Amino acid sequence: MKYAIIPVTPFQQNCTILWSEATMTGAVVDPGGDIDRIVRAVERAGVTLEKILATHGHVDHVGGVAELARRLSLPVEGPHPEDRFLLDGMERQCLMFGFPVTQGFTPDRWLADGDTVTVAGETLAVLHCPGHTPGHVVFHHAPSKLAVVGDVLFQGSIGRTDFPRGDHAALLESIHTKLLPLGDDVAFIPGHGPMSTLGQERRHNPFLND
Ligand SMILES: [Zn+2]
Ligand SMILES: [Zn+2]
């Protein structure tokens with residue numbers, strides 16, 4: 001599975017295009033904003049989008065979902081229903097973070113732990129990883145050894161838990177029981193900043209080693 005990362009919004013959120021070179025179809029994960037830039041990147045890559053995937057309900061990740069879904073007539077899958085309060089409160093989030101006010105949305109499909117999603121005929125596993133938000137999900141494509149983890153884990157850091165319904169203990173539990181068991185050789189795209197591997201973080205991330 002191929003990928004391209006497009007940092008969007010003032011928060012430099014790693015919107016990600018996932019696609020198959022065999023079919024040149026794919027999905028966009030977390031279109032938080034800057035929709036024109038995302039659409040141009042998709043066109044440049046020559047990819048036809050099938051759907052939008054969402055990791056969690058924070059505005060820098062999903063603030064552009066409603067607009068992109070409407071513009072390209074795409075279905076939306078994710079996050080987990082525990083993040084419904086964030087999607088319903090999209091206007092409040094926009095005002096709180098100084099974003100242009102965008103619409104909330106209801107996904108066509110809520111996701112749960114153990115679900116799978118398909119992108120270009122390939123299967124990605126859905127892992128429910130609460131802590132940063134209660135309804136955060138992670139997408140794992142085992143054949144590519146690639147995961148899109150949103151704001152669960154970063155290179156050298158972990159997600160903030162000082163937002164509404166954040167839970168530090170739950171976040172550590174998610175990382176230790178869901179993410180790290182995927183294997184040291186799994187590369188991951190975090191919600192912000194550079195990519196890393198689970199092995200690198202298991203060994204060197206200060207938040208996982210105290
Ligand atoms: Zn977040
Ligand atoms: Zn974020």
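The questions below concern a predicted model.

Me: What makes His 128 buried or exposed?
Reply: The relative accessible area of His 128 is 14%. Buried means under 20%, so His 128 is called buried. This residue is placed in strand E7, residues 122–128.

Me: Why is Ser 73 called exposed?
Reply: Its relative accessibility is 64%. Exposed means over 50%, so the word applies to Ser 73. Ser 73 sits in the loop between H3 and E5, and its phi is near 50°, a positive value in a residue other than glycine.

Me: Why does Met 24 get the label partly exposed?
Reply: Met 24 has a relative accessible area of 27%. Buried would need under 20% and exposed over 50%, so Met 24 falls in between. Met 24 belongs to the loop between E2 and E3; its phi, near 55°, is positive although the residue is not glycine.

Me: What makes E1 and E5 edge strands?
Reply: The open sheet has five strands in the order E1-E2-E3-E4-E5, with mixed pairing. Strand E1 (2–8) and strand E5 (76–77) each have a single partner strand, so one side of each has no neighbour in the sheet.

Me: How do you know that E3 and E4 pair?
Reply: Two strands pair if there are at least two bridges between them. Strand E3 (residues 25–29) and strand E4 (residues 48–53) have five bridges, so they pair, and the sense is parallel. Gly 26, for one, has Leu 49 in E4 as its bridge partner.

Me: Which helices lie on these strands?
Reply: Helix H1 (residues 35–45) lies across E1, E2, E3 and E4, at about 155° to E1. Helix H3 (residues 65–72) packs on the sheet and touches E3, E4 and E5, its direction making about 150° with that of E4.

Me: What is the omega of the peptide bond between Gly 78 and Pro 79?
Reply: Omega is about 0°, and the bond is cis. Pro 79 is in the loop between E5 and helix H4 (84–88).

Notes. Residues numbered from 1 in each chain as written. Chains lettered and ligands numbered in written order. Predicted model: local features only at pLDDT ≥ 70, side-chain atom pairs only at ≥ 80, totals over all residues. Heavy atoms only, no water. Helix = DSSP H or I, 4+ residues; strand = E, 2+ residues; numbered from the N terminus. Contact = heavy atoms within 4.5 Å. Axes fitted to C-alpha atoms, helices over the stretch in contact; angles between N-to-C directions. Buried < 20%, exposed > 50% of the residue type's maximum accessible area, 1.4 Å probe, protein only.
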